[in-house]
Amino acid sequence: MKDRIEHIGTVSEINGNRIRVLLKSESMCSSCHARTVCEISDSKIKAVDAIDRNGESYVRGETVMLVMKKSSGYKAVLISYVIPLTIILVLLLTLSGCGLDEPVAALVSILAVGMYYFFIYLFRNRIAGKTEFEIRKVIQ
């Protein structure tokens, strides 16, 4: 079992040992033969900052491999999805159980998750420092 997550990307910017890599994220629809006429299919370009720990030289447009520990991926899922869902469910059930109207309980729960994401935004640099991608050359 792999203990890391790997993605192929393209170098877009170089700033010292920090390298910005563009990843093309495609939905499962991208392999469908009807994707050109379907309104559902999508693909997105995502920018990721990686650290060159090996002292390699990279050029813009070069194809590279991004590597991240699987544990960092799990932490990202926890922060992005699990904790907010837990906040909504706990507050919604607790406030509804205390006799508060359900629409009001739902609004309070959504506002609480909004505050949670605001704090995540405020501490984004600290969080980003713990989930770093490493960059490696792709041998062709």
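## A nonpolar patch on the surface

M115, F118, F119, Y121, L122 and F123 make up a nonpolar patch on the surface, and together they have about 650 Å² of accessible area. Areas here come from the Shrake-Rupley method with a 1.4 Å probe, and for residues only the protein chains shown count as cover. A patch takes residues with over 30% relative accessible area and no salt bridge; nonpolar side chains (Val, Leu, Ile, Met, Phe, Trp, Tyr) are joined within 5 Å, like charges within 9 Å.

Keep in mind that this is a predicted model: local features need pLDDT of at least 70, side-chain atom pairs count only at pLDDT 80 or more, and totals for chains, interfaces and linings use all residues. Residues are numbered from 1 along each chain as its sequence is written, and side-chain values use heavy atoms, leaving out hydrogens and water.

L122 is partly exposed because its relative accessibility is 45%; buried means under 20%, exposed over 50%, and partly exposed in between (1.4 Å probe, protein chains only).

## Rings and charges

Rings of Phe, Tyr and Trp (its six-membered ring) pair if their centres lie within 6.5 Å, and planes under 30 degrees apart count as stacked, over 60 as edge-to-face and the rest as tilted. By this rule there are two aromatic pairs. Y116 and Y117 are edge-to-face, 5.5 Å centre to centre with 65° between the planes. F118 and F119 have centres 6.1 Å apart and planes at 65°, so they are edge-to-face.

Y116 is buried at 15% relative accessibility, while Y117 is partly exposed at 38%.

A charge sits over a ring if NZ of Lys or CZ of Arg is within 6 Å of the ring centre and within 35 degrees of the ring normal. R124 does this over Y121, at 4.0 Å from the ring centre, and K137 over Y58, at 4.6 Å.

## Salt bridges

The whole structure has three salt bridges, each being a side-chain nitrogen of Lys or Arg within 4 Å of a carboxyl oxygen of Asp or Glu. R4 and E6 form one of them (2.6 Å, N to O).

D49 pairs with R20, their closest N and O atoms being 2.8 Å apart.

K137 is in strand 5 (residues 133-137) and E62 in the loop between strand 3 and strand 4 (63-69), so parts 75 residues apart in sequence are tied together.

Notes:
Helix = DSSP H or I, 4+ residues; strand = E, 2+ residues; numbered from the N terminus.
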